[in-house]
Amino acid sequence: MTTELTATDASATIPGPATPYQGDIARYWNAEARPVNLRLGDVDGLYHHHYGIGAVDHASLGTPEDSEYEKKLITELHRLESAQAEVLLDHLGPITAADTLVDAGCGRGGSSVMAHQRFGCKVEGVTLSSTQAEFGNRRARELGIDSHVRAQVCNMLDTPFEKGSIAASWNNESSMYVDLDDLMAEHSRFLKVGGRYVTITGCWNPKYGQPSKWVSQINAHFECNIHSRREYLKAMADNRLVPQAVIDLTPDTLPYWELRATSSLVTGIEEAFIESYKDGSFQYVLIAADRV
Ligand SMILES: C[S@@+](CC[C@H](N)C(=O)[O-])C[C@H]1O[C@@H](n2cnc3c(N)ncnc32)[C@H](O)[C@@H]1O
Ligand SMILES: CC(C)=CCC/C(C)=C/COP(=O)(O)OP(=O)(O)O
Ligand SMILES: [Mg+2]
């Protein structure tokens, strides 16, 4: 038997941004309306702000001369982005309909909807952007799942979730906006002992030495601060989060980028991702950790 999200929770007072930087990030995402995100989301109503993984299905694309090629390419990029979210959900462990999950830095809510559709559980999303939260809540109402999927404007470092109340939580490409020690401390606080934390993220590779020029370019493009793989593992270890899986998804995400670079929806950041993945300075990783 599941309990529904209550109206009282949803009407909590929204504090302003905790820092001037968070105000910048809220403004950034409030203003964001890139076709590479909205046109992909329009394919099936799942709106993502993360990248794709898996092999490109070239047979489904046909040839560039085909009048439907652009539409097929958008559908294929979107399929790869949803495949990425499926892999994240695969690592959450056994979730029941009675559980509540937290989508930290939830964007427009695509991953939250997918989690509810897979597990029947409640999903609480938090984002700094009121535009994104309204968008996600509108989609949840349209789908008739707003009793179970909700987005709030809230700092993921200071959430209203009760200590030990959450079965699993994740950051899907949202951890490069915060201090990792503060972030892992907050997940560790609200997760149940035995609960699961998963992140999919881009991180710089300590084997390369320091962040490469490509990593610096990605930081400037998104106003974010990409961490190293070492920083993730240290912040988890310091906060009772013990990695159960560390998966290098870099080879799996390159086909997405190479396909995206050929599309009309390019944003100019494609070269930085492709070159940094190829020179080994940057990695796309999934880390799943047990709250012990
Ligand atoms: C690249 S988007 C990822 C969105 C989503 N996870 C997805 O996969 O579609 C980054 C998200 O992180 C959120 N974010 C950044 N810093 C945050 C913070 N301190 N608290 C809450 N959300 C934050 C942004 O508002 C944005 O929704
Ligand atoms: C892996 C790294 C370093 C990610 C940085 C965070 C980020 C902006 C993710 C994608 O968002 P988006 O889907 O809005 O971006 P785009 O418009 O490029 O598709
Ligand atoms: Mg995108």
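The shell around ligand 1 is made up of nine nonpolar, 14 polar and one charged residues. In this classification Ala, Val, Leu, Ile, Met, Phe, Trp, Tyr, Cys and Pro are nonpolar, Asp, Glu, Lys and Arg are charged, and the others, Gly among them, are polar. The model is predicted, so that local features need pLDDT of at least 70 and side-chain atom pairs count only at pLDDT 80 or more, whereas totals for chains, interfaces and linings use all residues. Residues are numbered from 1 along each chain as its sequence is written, while chains are lettered from A and ligands numbered from 1 in the order in which they are written. Helices (H or I, at least four residues) and strands (E, at least two) are DSSP runs, numbered from the N terminus.

**Ligand surroundings**

- Ligand 1 is surrounded by 24 residues, and the closest are G105, G107, N172, S174 and Y177. A residue is near a molecule or strand if its C-beta atom, placed from the backbone, lies within 6 Å of it.
- At least two residues of the shell around ligand 1 come from each of α2 (20–31), α6 (110–119) and β2 (122–127). The most are given by α2, with three residues.
- Around ligand 2 there are 14 residues, of which R34, H49, E173, G202 and F222 come nearest.
- Helices α3 (35–41) and α9 (213–222) each supply at least two residues of the shell around ligand 2.
- By class, the shell around ligand 2 has seven nonpolar, five polar and two charged residues.

**Helix packing**

- The axes of α11 (residues 250–260) and α12 (residues 270–279) come within 10 Å and cross at roughly 150 degrees. Axes are lines fitted to C-alpha atoms, for helices over the stretch in contact, and angles run from 0 to 180 degrees between N-to-C directions.
- Helices α11 and α12 are therefore roughly antiparallel to each other. Angles under 35 degrees count as roughly parallel, over 145 as roughly antiparallel, 65 to 115 as roughly perpendicular and the rest as oblique.
- The crossing of α11 past α12 is left-handed; this term applies if the near helix is turned anticlockwise from the far one by less than a right angle, and right-handed applies if clockwise.
- T250, L254, W257, E258 and R260 of α11 make the contact with E270, F273, I274 and Y277 of α12. Two residues are in contact if their C-beta atoms, placed from the backbone, lie within 7 Å.
- The contact of α11 with α12 comprises five nonpolar, one polar and three charged residues.
- Helix α12 also packs with α9, at an angle of about 145 degrees and with the axes 9 Å apart. Helix α9 passes α12 in a left-handed crossing.
- On the α9 side this contact is made by W214, V215, Q217 and I218, and on the α12 side by A272, F273, E275 and S276. The residues of the contact of α9 with α12 are five nonpolar, two polar and one charged.
- Helix α5 (residues 69–90) packs with α11 at an angle of about 155 degrees, their axes being 10 Å apart. That makes α5 roughly antiparallel to α11.
- The crossing of α5 past α11 is left-handed. L73, E76, L77 and L80 of α5 meet Y256, L259 and R260 of α11 in the contact, whose residues are five nonpolar, no polar and two charged.

**Buried face of α8**

- In helix α8 (residues 180–190), the buried residues are L180, L183, M184, E186, H187, S188 and F190. A residue is buried if 20 or more other C-beta atoms lie within 10 Å of its own, exposed if 12 or fewer, and partly exposed in between, with C-beta atoms placed from the backbone.
- These buried residues of α8 pack against β1 (100–104), β4 (166–172), β5 (191–204), α10 (229–237), β6 (241–248) and β7 (282–291).

**Individual residues**

- G209 lies in the loop between β5 and α9, and counts as exposed because 9 C-beta neighbours lie inside 10 Å. The C-alpha atoms of G209 and S228 are separated by 9.9 Å, with the two residues 19 apart along the chain.
- E223, in the loop between α9 and α10, has a positive phi near 55 degrees and is a residue other than glycine. E223 is partly exposed, with 13 other C-beta atoms within 10 Å.
- R240, in the loop between α10 and β6, has a positive phi near 60 degrees and is a residue other than glycine. With 17 C-beta neighbours inside 10 Å, R240 counts as partly exposed.
- K278 lies in helix α12 and is partly exposed, with 13 other C-beta atoms within 10 Å.
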